[in-house]
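Please open the structure in your viewer and keep the selection panel at hand. The tour below moves from one selection to the next and says what is found at each stop.

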Amino acid sequence: MKAIVLAGGSGTRLRPITHTQAKQLVPVANKPVLFYGLEAIAQAGVREVGIIVGDTQAEIEAAVGDGSAFGIDVTYLRQEAPLGLAHAVLIARDFLGDDDFVMYLGDNFIVGGIDDIVATFTAQRPDAQIMLTKVPDPRQFGVAELDTDGRVVRLEEKPKEPKSDLALVGVYLFTKAVHEAVARLEPSWRGELEITEAIQWLLDAGLRVDSTVISGYWKDTGNVSDMLEVNRLVLESIESRGHVDESTEVIGRVVVEEGATITGSRIVGPAIIGAGSVIRDSYIGPFTSIADDCHVIGSEIEYSIVLREASIVGVGRIEASLIGRGVEVTPAAHAPRAHRLVLGDHSKVQISS
């Protein structure tokens, strides 16, 4: 079995962070989301992995390399434009050959990995295997309709009137049969080759499509609130390590990476402080990830993600925030009373005054 991992999207819902960084490399618990997927694929025993890349190819390649750090062998496959999940299968045709494969969306996060579904697919070998989960608003996803026996009968991409609340999770398994389905597709109303339509073609052709409804945790980390929620979940499982000075109070599970300096502060876990970061006279609250080489001085921050080399100095309270690389956050001058902002495209700002 091989795998293809989709890492070519532009991440419009995470702007302005993704104006300068691939969305799959935005970290949760100080590790890029993409890495969790690659580790899950390796854990499932898959070694040959094609990563679908776009405009952020150089950054993805620099982070992942040849895949040896994850125990896999990586081939990079260029997608010139984000033309749909089925289009990714189309351009990976030569790489995949006639092998079975797993398709994994690089910005998805699944607790528990994919070992079980890969083992089930390998043993039973349906023509396609999909994972489903119940969601509150299925209009945002590909949706599956099941019959009374639990068999898949219909799929639809982002329906205006969903027939069920079962959304497709970003992991799919296929035999070579899917290649004929993809080759017969026409672009949808979104201008994309939809993987839901390819799977529907398999169903209409009388081929076998199995589904598994997962009860575990799954998130599409496409927006800030989902990133923060996944960060919270991962931090729940950390074990304390590292050291702080005697003037610092630590409550709960806290990771302090090598080279971080924490003085005169209060850290309430679960939280992680990256290598080379300086925390002084500050409060770091639960579910907060501070990346490498950051400075938090005389400030308070909780339930947030702070990317590397960011600086937060003299700020009373920050909550539920995603702070980008090299950002500087400081208090405004007392007079005149005003807010002074330099914001990227599509930023969202909430000001209490």
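Predicted model: local features only at pLDDT ≥ 70, side-chain atom pairs only at ≥ 80, totals over all residues.

The crossing in which helix 1 passes helix 2 is right-handed. Show side chains next, and Leu34, Phe35 and Leu38 of helix 1 can be seen to meet Ile60, Ala63 and Val64 of helix 2. Of the residues in this contact, 6 are nonpolar, while none is polar and none is charged.

Stay with helix 1 and colour it by accessibility: 9 of its 11 residues are buried, so the helix is largely enclosed by the rest of the structure. The buried residues are Val33, Leu34, Phe35, Tyr36, Gly37, Leu38, Ala40, Ile41 and Ala42. Beyond the helix comes Gly45, which has a positive phi near 95 degrees.

Which residues have the most contacts inside the largest nonpolar core? Select Ile4, Met103, Tyr172, Phe174, Ile195 and Ile199, which hold that position in a core of 35 residues. Helix 7, residues 195–204, supplies the largest share of this core, with 5 residues. Centre the view on Ile195, which, if residues up to four places away in sequence are not counted, touches Leu85, Ala86, Val89, Met103, Tyr172 and Phe174. Another core, of 34 residues, lies apart from this one and has Leu25, Ala44, Val64 and Val74 among its members.

Helix 7 itself deserves a separate selection, since it is mostly covered, with 7 of its 10 residues buried. These are Ile195, Thr196, Ala198, Ile199, Gln200, Leu202 and Leu203. Gly206 follows the helix, and its phi is positive, near 80 degrees.

Gln129 is in strand 8, residues 128–134, and because its relative accessibility is 2%, it counts as buried. With neighbours within four places in sequence left aside, Gln129 is in contact with Ile117, Phe121, Tyr172, Leu173, Asp210, Ser211 and Thr212.

Is Gln79, at 8% relative accessibility, buried or exposed? Gln79 counts as buried, although the residue lies in a loop, between strand 5 (73–78) and helix 3 (85–91). Its contacts, again leaving aside neighbours within four places in sequence, are Ile52, Val53, Gly54, Gly84, His87, Ala88 and Ile91.

The last stops concern backbone geometry. Select Gly269 and Pro270, which are joined by a cis peptide bond with omega near 5 degrees; Pro270 lies in the loop between strand 17 (266–268) and strand 18 (271–273). Move on to Asp281, in the loop between strand 19 (278–280) and strand 20 (283–284), where phi is positive, about 50 degrees, although the residue is not a glycine. Finish at Asp293, which is likewise not a glycine and has a positive phi of about 60 degrees. Asp293 lies in the loop between strand 21 (288–290) and strand 22 (295–297), and at 39% relative accessibility it counts as partly exposed.

Definitions and conventions:
Residues numbered from 1 in each chain as written. Heavy atoms only, no water. Left-handed = near helix turned anticlockwise from the far one by under 90°. Helix = DSSP H or I, 4+ residues; strand = E, 2+ residues; numbered from the N terminus. Contact = heavy atoms within 4.5 Å. Nonpolar A, V, L, I, M, F, W, Y, C, P; charged D, E, K, R; others polar. Core = buried A, V, L, I, M, F, W, Y, C linked by side-chain atoms within 4.5 Å. Buried < 20%, exposed > 50% of the residue type's maximum accessible area, 1.4 Å probe, protein only.
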